[in-house]
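User: Could you take a close look at one helix for me and explain how its charged side chains pair up? I'm new to this, so please spell out the terms.

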Amino acid sequence: MKRFLPLIPLSKLVRSPEWAKASIIALGVFSTMYAINALFFEVNPGKGWGLTYGWVAAVLMFGAGLYAARRRMFHRDLGRSKVWVQFHLYGGTLGAVLVLFHTGFSLPNGVFNWLLWGLAVWITLSGFLGLALQRWIPRLLTSGLSVEAVYERIPELVQQLRERAEKLVASCAAPIKDFYRSHVAAALVAPQPRLIYYLDVTGGIQSRVRQFDFLRRVLPTEEKSKLDEIQLIFRTKLELDAHYSLQRALRWWLYTHVPLSFVLLLMILLHIWAVWYY
């Protein structure tokens, strides 16, 4: 089976002392500027420094949002990819902070501004959630499972296991056939996500596989090897279920983070147009 890879390679590339140091310095500079502005002046989102914070935040967010498009066009250039990932993480986070500076830490007025503010908060928080998931889930999968699989191929792999098991069962004695129909066949129909895998990556696999031991004791020697192979197929299927459950969390995160990011960028453009026009 193919090696499982996270959707976006953030878990290794996030460790960049240079980018972290630069971001802290930039945040310190902007925070000092904002403190001075707030102390001696009123921070107005529509003019002066308030407007400047908004422009810088917009540039940073657009730069962070272009990461997805860049991955499709230049995915072979690993060196540049590291730069883009770092900018996506640190630049996007700094942009979210500058949004707060832009609004003077005040709540927005109007439906559009509330939507814009809410999307910015959601994209930022979901970005941190995605980073946590991509650091946690791959480690969890590799720590307790013996198989690895790409999410998109799991249904196909399950079908192959089912066909292999049914072909093998056809040549088995009646006790194995009855056991297969009662305890194994339903599990091989399709991937079966289970919440238990989020708490225990093995999901009780060992206890479910142990039921084969009772039948093995009463089988003749020539049938035990067939049962062993069916047991291996069953165990592999359960581990694929664990992959399917946990990797699906990454997929759902991607589906809620990326599309709404593009909606946010579009709303930022509309916001800039409205400020510029009016």
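Analyst: Happy to! Let's start with K226, which is partly exposed because its relative accessibility is 22%; that label covers values between buried (under 20% relative accessible area) and exposed (over 50%), found with a 1.4 Å probe and protein chains only. Before going on, a note on the model: it is predicted, so local features need pLDDT of at least 70 and side-chain atom pairs count only at pLDDT 80 or more, while totals for chains, interfaces and linings use all residues. Residues are numbered from 1 along each chain as its sequence is written, and side-chain values use heavy atoms, with hydrogens and water left out.

K226 pairs with E223 in a salt bridge, 3.7 Å from N to O. That term means a side-chain nitrogen of Lys or Arg within 4 Å of a carboxyl oxygen of Asp or Glu. Both residues lie in helix α12, three residues apart, or about one turn; helices here are DSSP runs (H or I, at least four residues), numbered from the N terminus, while strands are runs of E, at least two. E223 is buried, at 10% relative accessibility.

Further along, R235 and E239 form another salt bridge, their closest N and O atoms 3.6 Å apart. They sit four residues apart in α12, so about one helical turn separates them. R235 is partly exposed at 28%, whereas E239 is buried at 2%. Salt bridges with shared partners also join D213, R216 and D228 into one network.

Finally, R251 meets E152 in a salt bridge of 2.2 Å, N to O. R251 is in α12 (residues 221-277) and E152 in the loop between α6 and α7 (154-169), so this pair ties together parts 99 residues apart in sequence. R251 is buried at 16%, and E152 is partly exposed at 48%.
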